Amino acid sequence: MKKIFVDYRKCVACKSCETACAVAHHPGGSLYGLVGDRKTQVNVRVLGVEHEAFPVSCRHCDPAACLAACPAGALRRDGHTGAVVLNPEYCKACAMCAMVCPFDAISFKVVHRSPFGRETAFKCDLCHEDLKEGKVPACVTACHSGALIFCEAEPLRARRAVEHLKVYLLGEGGEPPLFAHYRELRRKAFARRRESDS
Amino acid sequence: MKIVTVGTGMAAAEFVETLRQGGFTGEIVMFSDEPYAPYSPCVIPFFLAGEPLRHVFWKGEDFYTRHGVTARLSEKVVEVDPARRLVRTERGVTESYDRLFYAAGASSWFPQTDWLDTYGVHGFKTLGDMEAIDDQIRQEGVARAVVFGGGFIGTDAALALRHRGLQVTLVHRNNRLLSQMTDLDGGNFATRKLAEKSGLDIRLQTRVADILREDGRLKGVELTDGTRIETSLLVVATGVTPNSAPLTGGNGGIAVAEDLLIDPLICVAGDVAVTRHAVDGRQGLHATAPNALQQARVAARRLLGEEVSFNGSINTNVLRKHLDFPVISAGRFEGEAVTFERGDLFRRVYLLEDRINGYMLVGDIRLSGYLYDLYLSQKTVGKDIRGMLADTRGDWYYRSVMGLAPAGATIS
């Protein structure tokens with residue numbers, strides 16, 4: 001099964017993934033629909049920590065602690081994509097799932113899909129309906145810097161292992177110079193900001 | 001092979017579904033003293049709060065037909081005869097089995113059983129209880145209710161009725177609500193905040209001494225402090241007892257080991273099972289849905305021939321009903337306490353030899369899964385724990401990975 005993988009060193013914190021996710025999960029399906037809409041659902045969050053940025057979301061664990069804990073029949077694994085999918089119709093926002101999620105990937109609020117005008121859980125659904133049409137998740141499509149990629153785990157792991165080994169043994173590859181330069185600039189900018197704050 | 005389940009609750013439903021998904025095609029008979037498809041006890045209070053009944057049937061209303069199960073409903077099993085491999089019901093129906101899955105759950109415990117003869121006095125455990133309360137509210141337009149018992153079920157009941165629009169008085173004998181899942185400080189904090197946010201009228205260190213009735217109907221209750229409250233609806237949630245009598249003759253639950261068996265043909269799971277705690281190793285009733293579900297899955301997979309065993313229960317729980325104000329806890333409240341409190345947020349971890357022995361999180365769900373993982377794995381936490389508890393931005397983990405100090409105020 002393909003999953004979303006994050007290379008946080010490539011994230012420039014542009015939040016395109018957040019915007020694309022919000023649009024993809026909005027009934028209006030357009031950027032304008034999000035303006036002033038409290039029910040907007042964003043399933044990925046770019047967490048800024050000083051000069052680094054971490055796009056965090058559900059990892060669709062297997063086995064998944066949330067799936068094993070749901071007492072309402074609201075969570076299921078999609079057979080086709082392996083995504084852990086929430087059915088808000090059945091969700092009672094009891095938080096049994098969130099209680100055991102190590103990644104804080106499940107949140108609660110009134111979103112457009114919430115019935116009865118009360119909060120339900122919401123989480124990444126891997127855009128599993130779109131995947132069946134051969135698309136990739138909206139956040140991955142939107143990511144310009146290559147921080148988010150959608151692929152099988154094992155080939156990615158093998159490729160990364162070879163790359164790391166090359167860097168370690170031969171000093172080849174590694175971060176492209178421009179990239180390293182950009183990251184260094186950002187680190188310095190934040191260090192200056194920290195100094196002026198204190 | 002013919003499989004019989006005593007109970008159609010969460011454990012039994014999960015057990016049967018796992019069996020069928022695993023390719024088991026033999027005969028399955030399920031017994032229940034109630035007339036329903038499998039329902040979720042965690043969801044039924046939401047029906048009372050006004051949501052559709054069909055949502056309580058967490059595995060679908062067509063569960064029995066979909067899984068090819070013979071359902072013997074409204075048949076209370078009163079005797080299991082392991083020698084002859086038979087179960088017998090109150091009405092005298094018998095059924096033979098090759099394997100028995102005993103998950104009869106637990107029943108409400110009432111301080112005075114004769115209260116139940118009065119119209120307007122209810123338990124809060126079964127879908128039948130919910131329907132009776134719902135009927136009464138609809139027919140009489142009940143505006144005021146009293147809930148006796150402020151544990152998990154009682155608080156759940158009070159919040160559901162409050163959400164329905166009733167004025168609710170919650171009477172609890174202890175000095176704080178949810179006393180089993182909180183320590184004194186955390187419980188006091190949770191009680192105070194819940195009262196503020198929900199508008200419940202909470203009476204602590206008080207009990208319902210007697211009920212006042214007229215023509216067999218409830219008119220009011222009298223509390224131990226002498227107060228009289230006029231009400232036609234009383235919910236009694238003062239505890240539950242495991243339905244172990246058909247198997248053991250007593251109501252103390254049934255102890256099982258990792259194989260969940262009490263004899264080679266009888267498997268026990270759910271709220272009636274006494275199991276070992278996965279972290280501290282103590283035997284006890286760990287009656288929560290995740291434990292029941294895990295036991296059921298293990299039992300089913302063992303029957304399907306897999307070599308799996310039950311790794312133990314965990315006493316973790318969360319109360320988050322109708323309010324965005326969760327109360328979460330796990331483990332034991334013994335050891336060195338590290339606390340963070342700010343505004344609506346209370347977090348406390350108990351450390352024993354630098355490992356998490358128990359924790360409470362009140363007011364916010366974040367961090368709970370991470371702590372749960374640390375607790376389960378019994379990893380050492382070091383001084384990191386202080387920065388972690390004070391983290392309100394959700395970036396503690398990432399800061400620690402980057403070698404940065406926690407962002408917020410740390411606690412000493």
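Modeller: Let's begin at E50(A), which takes a positive phi near 50° in the hairpin of strand 2 and strand 3 of chain A, where 2 residues lie between the strands. This is a predicted model, in which local features need pLDDT of at least 70 and side-chain atom pairs count only at pLDDT 80 or more, while totals for chains, interfaces and linings use all residues. To find your way, note that residues are numbered from 1 along each chain as its sequence is written, and that chains are lettered from A and ligands numbered from 1 in the order in which they are written.

The helices (H or I, at least four residues) and strands (E, at least two) are DSSP runs numbered from the N terminus. Strand 2 covers residues 45–49 of chain A and pairs with strand 3 in the antiparallel sense over 5 bridges; two strands pair if DSSP finds at least two bridges between them. One place to look is G48(A), whose bridge partner in strand 3 is A53(A). Strand 3, residues 52–56 of chain A, is mostly covered, with 4 of its 5 residues buried. Here a residue is buried if 20 or more other C-beta atoms lie within 10 Å of its own, exposed if 12 or fewer, and partly exposed in between, with C-beta atoms placed from the backbone.

Step back along chain A and you reach Q41(A), in the loop between helix 2 (31–34) and strand 2. Q41(A) counts as buried because it has 22 C-beta neighbours inside 10 Å. Leaving out residues up to four places away in sequence, Q41(A) touches A22(A), H25(A), V111(A), H112(A) and F122(A); a contact of this kind means C-beta atoms, placed from the backbone, within 7 Å. F108(A) is 67 residues along the chain from Q41(A), with 10.0 Å between their C-alpha atoms.

Another residue of chain A leads us to the largest nonpolar core. This core has 176 residues, and C97(A), Y102(B), V147(B), V268(B) and A269(B) touch the most other members. A nonpolar core is a set of buried Ala, Val, Leu, Ile, Met, Phe, Trp, Tyr and Cys residues joined through C-beta atoms within 7 Å. With residues up to four places away in sequence set aside, C97(A) touches C66(A), A69(A), C70(A), L75(A), I106(A) and A121(A).

Now let's cross to the other chain. 33 residues of chain B are in contact with 26 residues of chain A. On the chain B side, helix 8 (289–303), helix 9 (368–377) and helix 11 (396–401) are the elements that give two or more residues. The largest share, 5 residues, comes from helix 9 of chain B. By class, this side has 17 nonpolar, 7 polar and 9 charged residues, where Ala, Val, Leu, Ile, Met, Phe, Trp, Tyr, Cys and Pro count as nonpolar, Asp, Glu, Lys and Arg as charged, and the others, Gly among them, as polar.

Chain B as a whole has 11 helices and 27 strands. Its radius of gyration is 23 Å, close to the 22 Å that the globule rule gives for 412 residues, so chain B is as compact as a globular protein of that length. That radius is taken over C-alpha atoms, and the rule is 2.2 Å times the number of residues to the power 0.38. Buried residues make up 50% of the 412 residues in chain B.

Within chain B, look for an open sheet of 5 strands in the order 9-16-10-11-12, with parallel pairing. Strand 9 (121–122) and strand 12 (201–203) are its edge strands, each pairing on one side only. Strand 10 (residues 144–148) and strand 11 (residues 167–171) of chain B are joined in the parallel sense by 5 bridges, and R144(B) stands opposite Q167(B) in strand 11.

A second open sheet of chain B has 3 strands in the order 18-21-22, with mixed pairing. In this sheet, strand 21 (residues 273–276) and strand 22 run antiparallel and share 3 bridges; R276(B) stands opposite Q283(B) in strand 22 of chain B.

Our last stop is S107(B), in strand 8 (residues 106–108) of chain B. S107(B) counts as partly exposed because 16 C-beta neighbours lie inside 10 Å. Residues up to four places away in sequence aside, S107(B) touches K125(B), V240(B), T241(B) and N243(B).

Definitions and conventions
Contact = placed C-beta atoms within 7 Å.
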